[in-house]
Amino acid sequence: MNITAHTRPLGLIGYPVTHSKSPEMLNEVCRILGIPAAYLAYPVKPGDLEEAVKGMRALNFIGFNVTIPHKVAIMPYLDELDDTAKEIGAVNTVVNKDGKLIGYNTDGVGYLRSLQEETAVSLQDKTVTILGAGGAARAVSITLAKAGVKEIFIANRTQQKAEKLAESLCIFTRARSVSLSEAQGVIAKSDLLVNTTSIGMSPHTDQTPISADFLHAGLLVSDLIYRPKDTKLLTSAKQMGAQTHGGLGMLLYQAAVAVEHWFGKPAPVAQMRAILEKEA
Ligand code: ATR
């Protein structure tokens, strides 16, 4: 990359950020699109968030990505939030539009694009069970609710959180929380099962969020975990004859949508995927 006095900053803030593949992927995107920008990963401690945002504003960043633990905390320091970020209640992408910092959330739409590209599923009138009720569950379930699914069940270890999420989905579609013991029954009548918990993530690859007995051949099983690519849940689902969808695509498309917000151009997804696949 040719860095000159015209090169503008882009980056990721989070804590920690050393595991991130975004710098490699986004610098390659800038090179391919001919954008004079450099993307770095900035470890920002929670107490330093406000100062970091002020600094990025002063330094005229093109924009930046936001990851754990700042996705919710950053919202008061931005000038505007788009509707999706407001609905999800979290920001993962910020665009500097003529000095105004605008917050977006590309996680849900990234998930949806990945699901549609990789499985060609039609979501109209489908029944969905979501495992987990954290930030990722919120982004995915709101997006699916708005995309026309008929009914969403939320199963979570802490049922109170599942109830709260189900309540907030009710403005878009039918939704209710279920206990873990009820999960088998609702999965039996579901078309799509999405694991948004971290159960099964490397290095705990022998773990799975639900028993393989709950799965059936009529399911599309989607796991947001991308390391390993084939989680125990997805392996069991394949053995059961179910269709599967891994988490790498969400990682890819949430970044692709961020690229489109920053540069107003389609993202080079094939090259971005090659970088993520090499690293995963
Ligand atoms: P993210 O932003 O990735 O969604 P999060 O907001 O911390 O992360 O949410 C993590 C989700 O995984 C939660 O639903 C959590 O369940 P609780 O609400 O009960 O904490 C779920 N989760 C994580 N580890 C889990 C485990 N070992 N067993 C069951 N659920 C787990």
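Let's start with a term: a residue is called buried when its relative accessible area is under 20%, exposed when it is over 50%, and partly exposed in between, using a 1.4 Å probe and counting protein chains only. What you're looking at is a predicted model, so local features need pLDDT of at least 70 and side-chain atom pairs count only at pLDDT 80 or more, while totals for chains, interfaces and linings use all residues. Residues are numbered from 1 along each chain as its sequence is written, and side-chain values use heavy atoms, with hydrogens and water left out.

Now for the charged pairs. Side chains of opposite charge can pair when their charged atoms come close. Here a salt bridge is a side-chain nitrogen of Lys or Arg within 4 Å of a carboxyl oxygen of Asp or Glu. By that rule, the count is 15 salt bridges.

Take Lys71 and Asp107, whose closest N and O atoms are 2.9 Å apart in a salt bridge. This pair links distant parts of the chain, 36 residues apart: Lys71 sits in the loop between β3 (63-66) and β4 (80-81), and Asp107 in helix α4 (residues 107-119). Helices (H or I, at least four residues) and strands (E, at least two) are DSSP runs, numbered from the N terminus. Lys71 is partly exposed, at 23% relative accessible area, whereas Asp107 is buried, at 11%.

Next, look at Lys100 and Glu80, a salt bridge with its closest N and O atoms 2.7 Å apart. Lys100 belongs to strand β6 (residues 100-104) and Glu80 to strand β4, so this pair ties together parts 20 residues apart in sequence. Lys100 is partly exposed with a relative accessible area of 39%, and Glu80 is partly exposed with 33%.

Glu260 is in helix α9 (residues 248-263) and Arg113 in helix α4, so the parts they tie together are 147 residues apart in sequence. Glu260 is partly exposed at 24%, and Arg113 is partly exposed at 28%. Elsewhere, Glu118, Lys229, Arg273 and Glu277 are joined in a network of salt bridges.

Now turn to the ligand. Among the residues around it are Gly132, Ala133, Asn156, Arg157, Lys161 and Ile199; being near it means having a heavy atom within 4 Å of it. The shell divides into 3 nonpolar, 7 polar and 2 charged residues.

A ligand oxygen lies 3.0 Å from a polar backbone atom of Gly135, and one is 2.8 Å from a polar backbone atom of Ala136. With Asn156, it's the side chain that takes part: one of its N or O atoms is 2.7 Å from a ligand oxygen. The protein covers 63% of the 650 Å² of accessible area that the ligand has on its own, by the Shrake-Rupley method with a 1.4 Å probe.

Finally, there's helix α6 (residues 159-169), where Ala162, Leu165, Ala166 and Leu169 are buried. They cover an arc of only 100° around the axis, which puts them on the same side of α6; the arc is that of the directions from the helix axis to the C-beta atoms. The face turned away from that buried side carries the exposed residues Gln160, Lys164 and Glu167.

Key
A polar contact is a pair of N or O atoms within 3.5 Å; within protein, one must be able to donate a hydrogen and the other to accept it, and residues adjacent in sequence count only if both atoms are side-chain atoms. Ala, Val, Leu, Ile, Met, Phe, Trp, Tyr, Cys and Pro count as nonpolar, Asp, Glu, Lys and Arg as charged, and the others, Gly among them, as polar.
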